[in-house]
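Hi,

Here is the structure we talked about. Please open it alongside this email.

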Amino acid sequence: MNTRSVLNEVDEERRKQDKKWGEQNHSPADWLMILGEEFGEAAKAALEAKFGQGSLRQYRNELIQVAAVAVAMIECFDRHDINKPIDNSQEQRDYLEGIY
């Protein structure tokens, strides 16, 4: 598989997530908890495959979900225009405090 094929799978997973959950707008801390949970599932799948309790295919599927959540985090970040210099605006304070 090449990079484009993998990224297409990540894009497909993002579409599934949006269909299931709608647009997600979480604070950075909340996103990191979500990403951590997905990472934990990938780690669990890897351990289960290592000890004959699961498959590497499940591990790969979990990695696609990890990547898709990371993309969702970036999309949320960009929606809130946090790339601009910190101006201490109410929007930036609300985002960082998890009001979104």
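Predicted model: local features only at pLDDT ≥ 70, side-chain atom pairs only at ≥ 80, totals over all residues.

**Fold.** The chain has four helices and zero strands. From the N terminus, the order reads α-α-α-α. Of its 100 residues, 25% count as buried. Take the contacts between residues at least 6 apart in sequence: 64% of them join residues at least 24 apart. The accessible surface is about 6,900 Å². Carbon and sulfur atoms account for 57% of that surface.

**Helix H2.** This helix covers residues 28-50. Its 23 residues, at 1.5 Å a residue, should span 33 Å. The end C-alpha atoms are 33 Å apart, so the helix agrees with that expectation. Which residues of H2 are buried? They are Trp31, Glu38, Ala42, Ala45 and Ala49. The buried residues of H2 pack against helix H3 (56-79). Just after H2 comes Gly52, with a positive phi of about 75 degrees.

**Largest pocket.** The largest pocket holds about 240 Å³ of space. Its lining has 14 residues. Nearest the centre are Gln17, Trp21, Gln24, Ile34 and Val69. Helices H1 (3-21), H2 and H3 each give two or more residues to the lining. H1 gives the most, with five. By class, the lining has five nonpolar, five polar and four charged residues.

Best wishes

Conventions. Residues numbered from 1 in each chain as written. Heavy atoms only, no water. Expected span 1.5 Å × (residues − 1). Buried < 20%, exposed > 50% of the residue type's maximum accessible area, 1.4 Å probe, protein only. Contact = heavy atoms within 4.5 Å. Areas by Shrake-Rupley, 256 points an atom, 1.4 Å probe, with all protein chains shown as cover. 1 Å grid on protein atoms, 1.4 Å probe; cavity = no way out; pocket = protein on both sides within 12 Å on 5 of 7 lines; lining within 4 Å. Points joined across faces, edges and corners; volume = space filled by probe spheres on them. Nonpolar A, V, L, I, M, F, W, Y, C, P; charged D, E, K, R; others polar.
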